[in-house]
Amino acid sequence: MAVLLYRLGLSSVRRRVLVALVWLLVFVATGVGAFTLSGATVSTFRIPGQESTTALELMGERFGAASSGASAQVVVEAPPGRTLVETEVAEDVSAVVGDLRALPGVAAATNPVDPSTPVVSADRRIGYSTVSYLVPAPEITEAQKEALRAVVEKSRPDGLTVEVRGDVLQPTGQVGGPAEAIGVVIAMVVLAITYGSLVSAGMNLLTAVVGVGIGALGIVTLTGFMDLQATTPVLAVMLGLAVGIDYALFIVTRFRHELLAGRPVEEAAAMAVGTAGSAVVTAGLTVVIALAGLSVAGIPFLTEMGLAAAGTIVVAVLIAVTLVPAMLGFVGRRALPRKSREEGSPVHVDHGFYRRWAHGVTRHPWLTLVAAVVALLVIAIPVLSLRTSLVQHPDRDSTQARAEKLVEAGFGPGFSAPLLVLVDGPDAVTRAPVIRDEVAAQADIAVVAEPRPNQAGTAALITVIPASGPDSTETNDLVHALRDNIADTPGATVYVTGTTAISIDISHKLDQALPLYLALVVGLAFILLILVFRSILVPVVGVLGFLLTIGAVLGATTAVFQWGWLSAVVNSNSTGPLMSLSPIIIVGILFGLAMDYQVFLVSRMHEAYAHGADPRRAITTGFGQSAPVVVAAATIMFAVFAGFVPEGDATIKPIGFALAMGILFDAIIVRMVAVPAALTLLGHTAWSLPSWLRWLPELDVEGAALERDIPAQATTSPTPTARHPQPH
């Protein structure tokens, strides 16, 4: 692989103008596609074949498109000491309902004080109007949302307390903004300090932005042809920006090393791609495996998210091994600090701090290993109480949260997410009253509405209000009890759906898929690492280190977003279960990134060992060469992910926090403490491959073939600079 990448790098740097133009053309093409072909993203979660999803599809067929339209609840509370049914207050409420019915896109709005169908609490102080829209939530425009908020704001001076909640106000994922800007600024600072050259830092950042731009614009283009989750472009930008900067960083750093070793610019760029580029391809492949492996969950929207993010990683790798060397050809020796550009400058390879760090770890391996493991295990303790749900609580200071509290105070916690029982079939209307009585006999029931038949008489809908909240164990048990105890008959089939039922179905599916996903992804990456390092124990150490990382990450995320610890630091105004999708997405992304650091750090140790160093000296030598770059890369990734935390929405905020903490734990504690300590204790056995596996192919990440062949070629073939003058 190293020789192949060397040739690719050499071809790219020699044809740098063509390579740059091709990537520019691709960037422009994806931009045009995103502008002309993009569609709306979706924010609903459904799994084909699940009972809750099947019921929603049948509801759309039996009751018309209105059943799948967006809705909002406008909650009203009477002034202190008064009730909603008093004539003057009731007139104010009716006026609010009239304004709601006149809003653009609204199909209907119920009147909570209508004598024929009142929807008021037992004390008659709280009621709510259900506002139904003609289109699903993702198709609601910002103008329509603002019009709804304006009616709510206008109604408050009349003495009423008016708040609103519902999927109408669901925020859409946005690409571009302060989060990305913060990450980019910090990345630029870190790169400038690392390189000591603004030219190198700017070039590195430019290539990463091109890569993530192509990936994100490509995903936006795909929204015109398939339904993608609203968070997909944001996740792709978050991940693509981080790895794009880091992959270029590794290649540029090796390029500078080759320049200082005396190689001409084109040769140095080609050698950087052949050596560091091999590690980039291997690391990128592990990330792609981890993201594409999300498809084993059998959840279409999760598969699409994984494949879209994996596509961004593929673009980042291709940029790193083609556009980066091309740009290095333009930059030339200006990639070096000014004082190092003169020919014959000494090679600066000694990194005293990192060598002392490595000596300290390897001198006391048991102490450092145990300390690292215990620290991560302590941080992981909160994971024992981790809960997940699709039902997310809004920020406590928002109108949605205030509306939720009013509904719970007036009607009970179950009104936040009612269950829907669909009776479908030719005997549905006659069977529905019996089913309603069977439902009412179940435990933890607050209210069961009368069946509502469709016009054709082929289906009936029963609204069920649980006595407990939507994310409670009691409501979860109720859903299972309804499905187990309400039997189908030949003329009527019973389905249980609603937001809570969908959340339960997806959470159950994800719980089943996570062990299989871990086994598949870890297994494939384990095989890849065996081929890279020609060892079994090195991959074992890497995988065990990842398990410690993921435990600590989920523990820290649980403590902050579920328990509320340090919530002010991350600007979190709500606590509750994590989003159901968060753990598997976090595991997938972090596994790929953890293996990135394993490859980058340990490959230099392996290279030193292959050159004859004893195990401990190989560790300290490789650590001293690679640790500075790994620290810089980890700092950049941490900054990019952390930038999405303060202002991120309820879905992105915990994921950004988890990824930032994962980088911190894995790069600093696991890869720079636990792994060197463990490899020191293993000694020579860490780098040995059993005889019965020596038939496996060798990937040559360190570029041993280049060391054998390229120097000889360089002395017998024309110097590349003969055809292309080198810039200075």
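Visitor: Among contacts in the protein chain between residues at least 6 apart in sequence, what share joins residues at least 24 apart?

Guide: Contact means heavy atoms within 4.5 Å. In this chain, 80% of the contacts between residues at least 6 apart in sequence join residues at least 24 apart. The model is predicted, so local features need pLDDT of at least 70 and side-chain atom pairs count only at pLDDT 80 or more, while totals for chains, interfaces and linings use all residues. Residues are numbered from 1 along each chain as its sequence is written, and side-chain values use heavy atoms, with hydrogens and water left out.

Visitor: How many helices and strands does the protein chain have, and how much of it counts as buried?

Guide: Helices (H or I, at least four residues) and strands (E, at least two) are DSSP runs, numbered from the N terminus. The protein chain has 21 helices and 11 strands. Buried means under 20% relative accessible area, exposed over 50%, and partly exposed in between (1.4 Å probe, protein chains only). Of the 728 residues, 56% count as buried. One of the helices is α10 (residues 300-331), where T303 is found. T303 counts as buried, at 17% relative accessibility.

Visitor: What does T303 touch?

Guide: Leaving out residues up to four places away in sequence, T303 touches L294 and S295. The C-alpha atoms of T303 and L291 are separated by 8.5 Å, and these residues are 12 apart along the chain.

Visitor: Which residues form a nonpolar patch on the surface?

Guide: Patches are made of residues with over 30% relative accessible area and no salt bridge; like charges are joined within 9 Å, nonpolar side chains (Val, Leu, Ile, Met, Phe, Trp, Tyr) within 5 Å. A salt bridge is a side-chain nitrogen of Lys or Arg within 4 Å of a carboxyl oxygen of Asp or Glu. Accessible areas come from the Shrake-Rupley method with a 1.4 Å probe, and for residues only the protein chains shown count as cover. Here V17, L21, L24, F27, V28, V32 and F330 form the patch, with about 590 Å² of accessible area together. Helix α2 (residues 16-37) gives the most, six residues. V32 is in helix α2 and is partly exposed, at 47%.

Visitor: What lies over the face of F330?

Guide: A charge sits over a ring if NZ of Lys or CZ of Arg is within 6 Å of the ring centre and within 35 degrees of the ring normal. R16 lies over the face of F330, at 5.8 Å from the ring centre.

Visitor: How many aromatic pairs does a search of the whole structure find?

Guide: Rings of Phe, Tyr and Trp (its six-membered ring) pair if their centres lie within 6.5 Å; planes under 30 degrees apart count as stacked, over 60 as edge-to-face and the rest as tilted. The search finds 10. F561 and F657 have ring centres 5.4 Å apart and planes at 70 degrees, so this pair is edge-to-face. Because F561 lies in helix α17 (residues 537-561) and F657 in helix α20 (residues 652-682), the pair ties together parts 96 residues apart in sequence. Both F561 and F657 are buried. Elsewhere, Y128, F411 and F415 form one aromatic cluster.

Visitor: Where is R124, and what is its phi?

Guide: Most residues other than glycine have a negative phi. R124 has a positive phi, near 65 degrees, and is in the loop between β2 (106-109) and β3 (126-133). Phi of D444 is also positive, near 65 degrees; D444 is in the loop between α14 (428-440) and β7 (445-448).
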